[in-house]
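I keep these notes as a record of what I looked up in one structure.

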Amino acid sequence: MMATELAPGVHWVGAIDWNLREYHGYTLPGTTYNAYLVRGEKTALIDGAYAGFEGEVLGRIESVCDPGEIDCIVVNHIEKDHSGTLPAFVQRMPDIPIYCTERARAGLARHYDTAGWNIRVVKTGETLDLGGKTLTFLEAPMLHWPDSMFTYLAEDAILFPNDAFGQHVASAARFDDQLGKDAAMVHAQKFFANLIVPLAPKVLKKLDEVGGLGIDIKMIAPSHGIIWRSHAGDILNAYVDWSRGVAKDKVTIVYDTMHGSTTMMAKAIAEGVMAEGADVRVCLLRDGRYEGTHRSDVVTEILDSKAVLVGSPTLQDEVLPTVAGFLSYLRGLRPGRLTARKIGCAFGSHGGMGGAATQAEEALKAAGIEVIDGGFQVNYRPDGDELARAYELGRKVAQEIRAR
C-alpha cells in the first residue's frame, strides 16, 4: 500500500472502503476514510478511519516513514469513521499527544477507554509547530458534530476540514482533477444535501470566519472522497451557494403509488411544469432498489430545486410508509434553513376520507418549505378534469418559481 503526496512532506495515508453502500441513511458507491501525514522536524497524523482499517492506514504510513516516528495525532472529529483506529494507534504509540477540542476530549471518553491517553485540548487560533510545518486549529462546532474542528497547514496552504467539503466515493483517484470536476461536484452535492443542509447557517458563518483570517487556501483535504487541489475555489463557492439555497428553475416531484392513480397525477403535474419551460425531476420512491429512487437521491435533487411536490395515496388514513419515511428524513434535514426558501405542495388519491396530502403538507411545513396550495386529492382514479387540474397545478408552480 502506498501513500499519495499532496505537497513535500504531506501525504494521504487513508483507507478505501470499496464495499460501503449505506451511511447516515443514504446510499453511496463506497467511500474513503482520509488520514494525512504531515512531516516537518516532527510528524503529525491527522484523523483516521473505522476500526478494522488500521492495517491499511499503517501500511500507507510505512511507505513514508516508520509509524514510530509519529510525534502526535490530530483528531478533527470523533465520529467512529475517523477515530475508530485511534485505540489501536495509542496502544502502538503509548503516551502520544492527541490534539482535539474540549468537546472531542469529552466525546472520546464516551466512545473509548481513554484512561491514560495524553489528550491535549486546543482552541481556535492555537498552533502546533512541527518544525518547518505549522498547524493552526479552528474550532468548527456542528460542522457537523459539536466536537468538530478544522486544521490548517500554513506553509502549504492546505485546509483539513474533516467532513466539510467531502464526498462519499470509492475511487483510485485521490484528487479532483483525476476524478473529474463534474463527477466530484455530483458526489459533493449529494454529501451536502444529506449531511450539511441543516447546518447551512453555520457553514456561512464559518466560511466568513475563515475568510476573515486572511489565510490562503490552495488545497482542501477533507476526510472523505477526493482532495480539492485544482478546484478548491469551486467547492468553496458551491458551499456558499448551496447554503444560501441558490437553486435552478426546477421542480422535484417525489411520490409513491399503489394502483397508479398518484402516478397519473405526478405525470400530469410534470407536463404542466414543462409547459412553462421549467425543469422537472419525477422521483418514484423505491428505497434504492433502482438507481435514483432512494430518499438520499431525492433530497440531492431537491437541493438545487426551487419547489418540491410530494404525492401519496392514503393508506389506513396515513401516507404510504415509503413517503412517510422520506418526509421524516426531509424534516430532519430542514431545507427551510437555507437562506432562499423553497415552495411546495402535496397531492394524492384515496378511497375513503383521504388525508395523506394534508399530512404531507404539514410535513413540508415542518421542514421549512412554504406550502403554496392546499392538498390536491382525488377519489380513486383521476378523471379528465382532475388531470387537467393537476396539469394547471404544475403550470402554477413553474410560474411561481420563475417569478422568484
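The entries below cover helix packing, salt bridges and a few backbone details.

**Entry 1. Basis of the notes**

I am working with a predicted model, in which local features need pLDDT of at least 70 and side-chain atom pairs count only at pLDDT 80 or more, while totals for chains, interfaces and linings use all residues. Residues are numbered from 1 along each chain as its sequence is written, and side-chain values use heavy atoms, with hydrogens and water left out.

**Entry 2. Helix 10 against helix 11**

I looked up how helix 10 (residues 295-303) meets helix 11 (residues 321-333): they pack at an angle of about 50 degrees, and their axes are 10 Å apart. I note that helices (H or I, at least four residues) and strands (E, at least two) are DSSP runs, numbered from the N terminus. Axes are lines fitted to C-alpha atoms, for helices over the stretch in contact, and angles run from 0 to 180 degrees between N-to-C directions.

Helix 10 and helix 11 are therefore oblique to each other; angles under 35 degrees count as roughly parallel, over 145 as roughly antiparallel, 65 to 115 as roughly perpendicular and the rest as oblique. Their crossing is right-handed. By convention, a crossing is left-handed if the near helix is turned anticlockwise from the far one by less than a right angle, and right-handed if clockwise.

Which residues make the contact of helix 10 and helix 11? Helix 10 supplies Arg 295, Ser 296, Val 298, Val 299 and Ile 302, and helix 11 supplies Phe 326, Tyr 329, Leu 330 and Leu 333, where contact means heavy atoms within 4.5 Å. I recorded the classes in this contact of helix 10 with helix 11 as seven nonpolar, one polar and one charged.

**Entry 3. Helix 11 against helix 12**

I then turned to helix 12 (residues 356-366), which packs with helix 11 at an angle of about 20 degrees, the axes being 8 Å apart. That makes helix 11 roughly parallel to helix 12. The crossing of helix 11 and helix 12 is left-handed.

On the helix 11 side I found Leu 327, Leu 330 and Arg 331 in this contact, and on the helix 12 side Ala 360, Ala 363, Leu 364 and Ala 366. By class, the contact of helix 11 with helix 12 holds six nonpolar, no polar and one charged residues. Leu 330 is listed in the contact with helix 10 and in the contact with helix 12.

**Entry 4. Salt bridges**

How many salt bridges does the structure hold? I found 22, each a side-chain nitrogen of Lys or Arg within 4 Å of a carboxyl oxygen of Asp or Glu.

Lys 248 pairs with Asp 304, their closest N and O atoms being 3.3 Å apart. Lys 248 lies in strand 17 (residues 248-255) and Asp 304 in the loop between helix 10 and strand 19 (305-311), so the pair ties together parts that are 56 residues apart in sequence. Lys 248 is partly exposed at 47% relative accessibility, whereas Asp 304 is buried at 9%; buried means under 20% relative accessible area, exposed over 50%, and partly exposed in between (1.4 Å probe, protein chains only).

Within helix 13 (residues 384-402) I noted Lys 396, which forms a salt bridge with Asp 373. The closest N and O atoms of Lys 396 and Asp 373 are 3.0 Å apart. Lys 396 is partly exposed, at 37%.

Glu 392 and Arg 395 also form a salt bridge, with closest N and O atoms 3.6 Å apart. These two residues are three apart in helix 13, so about one helical turn separates Glu 392 and Arg 395. Glu 392 is partly exposed at 40%, and Arg 395 is partly exposed at 27%. Shared partners join Lys 248, Lys 250, Asp 279, Arg 281, Glu 301 and Asp 304 into one salt-bridge network.

**Entry 5. Backbone details**

Most residues other than glycine have a negative phi, and most peptide bonds are trans. I found a cis peptide bond between Leu 143 and His 144, with omega about 5 degrees. Ala 157 has a positive phi of about 55 degrees and is buried at 4%. Phe 165 has a positive phi of about 70 degrees and is buried at 2%.

Key: Nonpolar A, V, L, I, M, F, W, Y, C, P; charged D, E, K, R; others polar.
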